[in-house]
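Colleague: I am new to this structure and would like to go through it by question and answer. Please show it first.

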Amino acid sequence: MLRQTHPSESEGTLKNCEAQLWAFAKRIEIGDLVALPRKLTSTIAFGRVTGPYKYADGAPAGATHQRPVEWITTDLPRQRVDQDLLYSLGSAMTVFQVSRNNAEERLRRLLHVTGNPPPAQIESEADSSLEASSSIDVERIAQDEILQRIDARFRGHALERLVDAVLTAQGFTTQRAPEGADGGVDIVGGKGPLGLEPPRICVQVKSSDDPADVSVLREMQGVLSTFGAELGLIVSWGGFRRSVLQESRRHFFKIRLWDAGDLVSAVLENYEKLPEDIQKDLPLKRIWVLVSDEPS
């Protein structure tokens, strides 16, 4: 059927599609765990399959093939997942099975999911091929390794130092608050040699692994006028709860939100301008990788 509907595709691409379609409809069982890396945030959603495969004719394009899922969490920060599990989850394929390194049991413990996982079984060559042949998203794996390094070297007040260095590299003249009470603002800055020119910015840095709630956003709204700033930036290493993301749309022209992934992107964009001591703690090298021209 795939050959008939996609006659111009290569044999490898058709086999890839065949394996994913068959796994989605037939191999995934009710009760299985599902991991969904979220592309726009540095988080992973985890859920539990609750029903059989179905085809929904009236669903939006790309969502007609369905499995019902009960979501356990939709915003677990990637840095809370062990590096080897992130590597296994970093496939460029959409549907594949992760079984290496006792992955299911470890993820169940991380998610505090009750119930015993199924006993380990020896898989046939056809069953195991879906994981073994999955191509790796090299860029995502590299970003995860950078996240782990930042998490290890820039904990607590040191994360403010990293954010401050990025802002300085972007052309701001900044001043960091001393450790302790900061009045809701960790960094202030502005353009120009003295930092007096607009845009003037207030920055709050949260180094906790837990997602920030909406109180952080509302606090930033109040301190902007207190400090005479036009813009606010909230950096939350653990990401943001959905309520924060929803409410932040109303403040698009005044407040920006950075999760861990956004901070990594800003570091990469300005890496050559960062101080030597930060580059020493976070040594990076730019490389070129050939991108496959076959769809996954």
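Colleague: In which loop is N101 found?

Modeller: This is a predicted model. N101 is not a glycine, yet its phi is positive, near 55 degrees. The residue is found in the loop between α3 and α4.

Colleague: Is N101 buried, partly exposed or exposed?

Modeller: Buried means under 20% relative accessible area, and exposed means over 50%. The relative accessible area of N101 is 46%, so N101 is partly exposed.

Colleague: What is the relative accessible area of N102?

Modeller: N102 is also found in the loop between α3 and α4. Its phi is positive, about 55 degrees, although N102 is not a glycine. N102 is partly exposed, with a relative accessible area of 42%.

Colleague: Which strands does helix α4 lie across?

Modeller: Helix α4 covers residues 103-111. Its direction is at about 80 degrees to β5. The strands that α4 lies across are β1, β2 and β5.

Colleague: Which are the edge strands of the open sheet of three strands?

Modeller: The order in this sheet is β1-β2-β5, and the pairing is antiparallel. An edge strand pairs on one side only. That applies to β1 (33-38) and β5 (69-77).

Colleague: In β2, which residue is the bridge partner of A35?

Modeller: Strands of a sheet pair through backbone hydrogen bonds, either parallel or antiparallel. Here β1 and β2 (residues 43-49) run antiparallel, joined by six bridges. The partner of A35 in β2 is F46.

Colleague: How far apart are the end C-alpha atoms of helix α2?

Modeller: Helix α2 takes in residues 11-27, which makes 17 residues. At 1.5 Å a residue, α2 should span 24 Å. The computed distance agrees with that: 22 Å.

Colleague: How far does helix α6 reach from its first C-alpha to its last?

Modeller: Helix α6 has 16 residues, 138-153. At 1.5 Å a residue, the expected span is 22 Å. The reach of α6 is close to that, at 23 Å.

Colleague: What covers the buried residues of α6?

Modeller: The buried residues are R140, I141, D144, I146, L147, I150 and D151. An α-helix has 3.6 residues a turn, so residues three or four places apart point the same way. The cover over the buried residues of α6 includes α3 (83-89), α7 (157-169) and α10 (260-269).

Colleague: Which element gives the most to the largest nonpolar core?

Modeller: This core has 30 residues, of which I150, V203 and L263 touch the most other members. Two or more residues come from each of α6, α7, β8 (197-206), β9 (231-236) and α10. With eight residues, the element that gives the most is α7.

Colleague: With which residues is V203 in contact, leaving aside its neighbours within four places in sequence?

Modeller: V203 is among the residues that touch the most other members of the largest nonpolar core. Beyond its neighbours in sequence, V203 is in contact with V163, L167, V185, D186, I187, M220, L233 and V235.

Colleague: Which residues does the second, separate core include?

Modeller: This core has 15 residues. Among them are V185, V214, M220 and I234.

Colleague: Which residue is joined to P199 by a cis peptide bond?

Modeller: P199 has its place in strand β8. Omega of the cis bond is about 0 degrees. The residue joined to P199 is P198.

Notes. Residues are numbered from 1 along each chain as its sequence is written. This is a predicted model: local features need pLDDT of at least 70, side-chain atom pairs count only at pLDDT 80 or more; totals for chains, interfaces and linings use all residues. Side-chain values use heavy atoms; hydrogens and water are left out. Two strands pair if DSSP finds at least two bridges between them. Helices (H or I, at least four residues) and strands (E, at least two) are DSSP runs, numbered from the N terminus. Contact means heavy atoms within 4.5 Å. Axes are lines fitted to C-alpha atoms, for helices over the stretch in contact, and angles run from 0 to 180 degrees between N-to-C directions. The expected span of a helix is 1.5 Å times one less than its number of residues. Buried means under 20% relative accessible area, exposed over 50%, partly exposed in between (1.4 Å probe, protein chains only). A nonpolar core is a set of buried Ala, Val, Leu, Ile, Met, Phe, Trp, Tyr and Cys residues joined through side-chain atoms within 4.5 Å.
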